[in-house]
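Look at the structure, then read on.

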Amino acid sequence: MLSARSGSIGHSATSELSLDYYVNGDGDFSFRYMVDSEPAYDRLRFYLDGNLVDTWSGQVPWSLFTCELFTGWHSFRWEYIKDSELCNLIREI
């Protein structure tokens, strides 16, 4: 079992982990995640093959994410964004 943690970032910054991997056989893909962030401002996002699959924000205890994958190459990306909504509001002013 392996684990990863978001890098240390400041306001208006992003930390990302990405992986391209060949899946040898159809089946479930899963990972556990936990989020301890400022609700509505900070977000953890998961992308599969370039498509946003899910987003979490606020206080989320350890949880299990599962989806079905098919044989072939897949791109996985986890992105932690700090103060994303605040950045958007400042740009609009």
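Ala, Val, Leu, Ile, Met, Phe, Trp, Tyr, Cys and Pro count as nonpolar, Asp, Glu, Lys and Arg as charged, and the others, Gly among them, as polar. The model is predicted, so local features need pLDDT of at least 70, side-chain atom pairs count only at pLDDT 80 or more, and totals for chains, interfaces and linings use all residues. Residues are numbered from 1 along each chain as its sequence is written, and side-chain values use heavy atoms, with hydrogens and water left out.

Q: How do the residues of the lining of the largest pocket divide by this rule?
A: The lining has 19 nonpolar, 8 polar and 7 charged residues.

Q: Why is Phe 29 called buried?
A: Buried means under 20% relative accessible area (exposed is over 50%, partly exposed in between, with a 1.4 Å probe and protein chains only). Phe 29 has 18% relative accessibility, so Phe 29 counts as buried.

Q: What makes Phe 76 buried?
A: Its relative accessible area is 3%, so Phe 76 is buried.

Q: Why is the pair of Phe 29 and Phe 76 called tilted?
A: Rings of Phe, Tyr and Trp (its six-membered ring) pair if their centres lie within 6.5 Å; planes under 30 degrees apart are stacked, over 60 edge-to-face, and the rest tilted. Here the centres are 4.7 Å apart and the planes at 35 degrees, so the pair is tilted. Phe 29 and Phe 76 are 47 residues apart in the chain.

Q: How do you know that Arg 77 sits over the ring of Tyr 47?
A: The rule asks for NZ of Lys or CZ of Arg within 6 Å of the ring centre and within 35 degrees of the ring normal. Arg 77 lies over the face of Tyr 47, at 3.9 Å from the ring centre.

Definitions and conventions. Helices (H or I, at least four residues) and strands (E, at least two) are DSSP runs, numbered from the N terminus.
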